[in-house]
Amino acid sequence: FGISWEAPGPRLNGGNAAIFIADKLNLDIIPDYYRQFPKMGENGMADHGVAYDLMLVILERALGISDSMLIYQFRTGANFIVFIFGSVAIYQLVKRRLNSTNVGLLAGMFFVLSPRIFAAGFFSPSDMVFASVLAIGINASIKFIENGRISSSIFAGIICGYATDI
C-alpha cells in the first residue's frame with residue numbers, strides 16, 4: 001500500500017518526546033537527525049499522546065533502523081502486531097461473555113475484516129492501534145473483575161492508561 005501521508009507525524013511526535021526526555025536526563029543518546037525534527041508544539045501533533053510513538057522510536061533506535069523506508073515498514077509491522085493482539089482480545093471477550101468459541105471467532109473475524117478498522121489502520125495508524133489496545137484493556141479489566149487479583153488490576157490499569165494516551 002505504501003506509506004500513509006500521516007506516517008511522519010507520529011514518528012515526529014515520538015522523536016520529540018525522546019529528545020525531551022533525553023535532554024531532561026542529560027543523556028546524549030539522540031541521533032543528530034532527530035534534532036532536525038520540528039519542535040514539539042510546532043509539528044501539529046501536540047494534542048496526541050506519545051506513549052506508543054515513543055516506544056516505537058526507542059525500538060527503532062535499539063534495533064539500529066535508520067533507513068526511512070525501513071523505519072516506516074517497521075512501524076507498520078508493529079501496528080499490525082498490536083492489531084493481532086487486539087483481535088485475540090476481542091475473541092477472548094466474546095468467547096468469555098457468550099461462552100462460545102465459534103461466536104468468539106466470528107467476532108474476531110468481524111474485527112479483522114472490518115475495512116473501517118483494519119484497512120483504515122494503514123493510512124491512519126493511530127485509530128487501529130487505539131482500538132486494539134482498548135480491546136486489550138477492556139479484556140484485562142474484565143479479567144480483573146472476574147478474579148479480583150491485585151496483579152490483574154495493575155495490568156488492566158496500565159493497559160487502559162496506555163490506551164488513553166494513544
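Figure 1. N99 is exposed, with a relative accessible area of 72%; exposed means over 50%, buried under 20%, and partly exposed in between, with a 1.4 Å probe and protein chains only. N99 lies in the loop between helix 3 and helix 4 (101-113). Helices here are DSSP runs of H or I with at least four residues, strands are runs of E with at least two, and both are numbered from the N terminus. Most residues other than glycine have a negative phi. At 70% relative accessibility, N26 counts as exposed. The model is predicted: local features need pLDDT of at least 70, side-chain atom pairs count only at pLDDT 80 or more, and totals for chains, interfaces and linings use all residues. Residues are numbered from 1 along each chain as its sequence is written, and side-chain values use heavy atoms, with hydrogens and water left out.

**Figure 2. The chain as a whole.** The secondary structure comes to six helices and zero strands. Along the sequence the pattern reads α-α-α-α-α-α. Of the 166 residues, 39% count as buried.

**Figure 3. The salt bridge between R75 and D53.** A salt bridge is a side-chain nitrogen of Lys or Arg within 4 Å of a carboxyl oxygen of Asp or Glu. The structure holds two of them. In the pair of R75 and D53, the closest N and O atoms are 3.2 Å apart. This pair links distant parts of the chain, with R75 in helix 3 (residues 68-98) and D53 in helix 2 (residues 51-62), 22 residues apart. Both R75 and D53 are buried.

**Figure 4. The salt bridge between E146 and R96.** Here the closest N and O atoms are 3.3 Å apart. The pair joins distant parts of the chain: E146 belongs to helix 5 (residues 125-147) and R96 to helix 3, 50 residues apart. E146 is exposed, with a relative accessible area of 53%, while R96 counts as partly exposed at 26%.

**Figure 5. The second largest pocket.** Its volume is about 240 Å³. On a 1 Å grid over the protein atoms alone, a pocket is an open set of points where a 1.4 Å probe fits, with protein on both sides within 12 Å along at least five of seven lines; lining residues have an atom within 4 Å of a point. Grid points are joined across faces, edges and corners, and the volume is the space filled by probe spheres set on the points. Of the 13 lining residues, Y52, M55, V82, F85 and Y162 are the closest to the centre. Helix 2, helix 3, helix 5 and helix 6 (150-165) each supply at least two lining residues, and helix 3 gives the most, with five. The lining divides into 13 nonpolar, no polar and no charged residues. Nonpolar residues are Ala, Val, Leu, Ile, Met, Phe, Trp, Tyr, Cys and Pro; Asp, Glu, Lys and Arg count as charged, and the others, Gly among them, as polar.

**Figure 6. S152 and A140.** S152 is in helix 6 and counts as buried at 15% relative accessibility. S152 and A140 are 12 residues apart in sequence and 7.0 Å apart in space, C-alpha to C-alpha.
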